Amino acid sequence: MRRMAKFDHLYGRLSTKLLNICIDSICKSQQIEKAESVLIDGIRLGLLPDVVTYNTLIAAYCGIFGVDAAFSVVHRMKEAGINPNTVTYNSLIAGATRHGLFSGALDLFEEMLRVGMHPDLWSYNSLMHCYFRLGEPEKAYDVFHNIMLGGLSPCRITYNTMINGLCKNGYADNAIMLFRNLKRLGFVPGITSYNILINGLFKSGRFNNARRMLDEALKSGCPPNVITYTIVLKGLFRARRFEEGIEIFWEMKSKGYTFDAFAYCTVIGIFVKTGRIREANDCMAEMLKNGIGLDLVSYNTLINLCCKEGKLELAYQLLDEIEKGGLKCDEFTHTILIDGLCKTGNIEGAYQLLEHTTMLGFDSKVALNSFIDGLCKAGHIDYAMMMFESMEHKDSFTYSSMVHNLCKARRYHCASELLLSCVRSHIKILKSAQRAVLDGLCYSGFARKAKKLESKIRIARLLQSNLA
DNA sequence: GTAGGGTTAG
């Protein structure tokens, strides 16, 4: 009998472990309901879920439904007599961070300390990340300093989080200095570290340094991955080095890189923006053929492509797919469609969608800009002016578009007033829009007014630069 | 727990 009891005990422990492995694997395939039913079955069979079982569920709830839903699991856990541990809090903090709730993550960290729990390296790494995302690099640095001084030994993620945070907060030079110092102290960077730095250098406009860093990665035995290529592609595109970017794309293909949704969307976006619709279509076909799971950004990218080709019907088919697939359209989706409708001359449709979008609570300045431009192009310039005047927040696009369209309608005096008020409001305007007004005034016999306007603009800009 | 500010307007 004693032997049986011993086996029972062993069986119980093993089974909880098996149950956890099973739930973890189901959660990883995002099937929370199935995981819950496996848990219920397990309990019916007499298995006792432990802290790992609940932590697994909490991590999954955080990822899929958000932190609030995860808290309901914490509640259930406590009811079952199991106390949350550091991993529970780390999961909740990670969940909050993933959903952009950085202040909420900080609150959780404080709560952790308040209830007497000891944060581990994961908690501190997350804390640093949150401070950086909140634009508080000094506080992040304090955490880093404390990790180094305290008994915790930092890991690669600690260093990468620090280097990335510095880059993202505009301290690319400090990031590189830290990187060099750490390397001297024995830190062996992986491709993630190099990607962080290459991206940081590209974004601060230092293309040659970025290229050199890429070479350094290769020489250090870190082959680039799909993320490296996407960074380089985007960086070159941002620098308007389109041909080099397209070359990188072909290089990726010839080396047999597997494209993911990020890479495909980047490339399709670039093709669309440079007017290479045929190539964009080939890419889309390949993306669909390769069975890439389409998320909302992918759908938005494809809908945009359809709109640019004037294939609105196809765009609406994709819209149906979004809703059938359980995804929710966002501001981008609506804006893309509103612009598509405007560009195909369906102003009435665009107006209806704009109203619907506003009713849904989206406040898209881009959509309004698009619509105003659409109105002008369809010949309703007075109505466009009315909307323009009623707009609370006008930006560079609003002014550039309106000024251009007024010039096209030969209403140079009105355009010159807008141009001047734009400059005086410290808003940038396209050089071509300014040129259109000045040329328009000259050619229509108002050369003196053009001269005066030019000097008024110069004075306004001079005053601004003095004040700055 | 770190890396692609993947998609929109002039």
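1. A residue counts as exposed when its relative accessible area is over 50%, as buried when that area is under 20%, and as partly exposed in between. The model under review is predicted. Arg278, with a relative accessible area of 59%, is therefore exposed. Asp282 is partly exposed, at 44% relative accessibility.

2. Arg278 and Asp282 also pair with each other: their side chains form a salt bridge with an N to O distance of 3.6 Å. Both residues sit in helix 16, four residues apart, which means that about one helical turn separates them.

3. Asp24 is partly exposed, its relative accessible area being 29%, while Lys28 is exposed at 62%.

4. Which parts of the chain does the salt bridge between Glu243 and Arg276 tie together? The N to O distance of this bridge is 2.8 Å. Glu243 belongs to helix 14 (residues 242-254), and Arg276 to the loop between helix 15 (261-273) and helix 16 (277-289), so the bridge joins parts that lie 33 residues apart in sequence.

5. Salt bridges number 19 when the whole structure is searched. Some are linked: Arg180, Lys183 and Glu216 form a network.

6. For chain A, the domain assignment lists domain 1 (155-245), domain 2 (258-321), domain 3 (330-393) and domain 4 (403-468). Taken over C-alpha atoms, the centres of domain 1 and domain 4 are 42 Å apart.

7. How many residues surround DNA strand B? There are 52, and the closest are Asn125, Asn160, Asn199, Asn300 and Ser396. Of the atoms of DNA strand B that come within 4 Å of the protein, 38% belong to sugar and phosphate.

8. Lys168 places a polar side-chain atom 2.9 Å from a phosphate oxygen of DNA strand B. For Asn304, an N or O atom of the side chain is 3.4 Å from a phosphate oxygen of DNA strand B. Thr161 has a side-chain N or O atom 3.5 Å from a sugar or linking oxygen of DNA strand B.

Methods:
Residues are numbered from 1 along each chain as its sequence is written. Chains are lettered from A and ligands numbered from 1 in the order in which they are written. This is a predicted model: local features need pLDDT of at least 70, side-chain atom pairs count only at pLDDT 80 or more; totals for chains, interfaces and linings use all residues. Side-chain values use heavy atoms; hydrogens and water are left out. Domain bounds come from an automatic or database domain assignment. A salt bridge is a side-chain nitrogen of Lys or Arg within 4 Å of a carboxyl oxygen of Asp or Glu. Buried means under 20% relative accessible area, exposed over 50%, partly exposed in between (1.4 Å probe, protein chains only). Helices (H or I, at least four residues) and strands (E, at least two) are DSSP runs, numbered from the N terminus. A residue is near a molecule or strand if one of its heavy atoms lies within 4 Å of it. A polar contact is a pair of N or O atoms within 3.5 Å; within protein, one must be able to donate a hydrogen and the other to accept it, and residues adjacent in sequence count only if both atoms are side-chain atoms.
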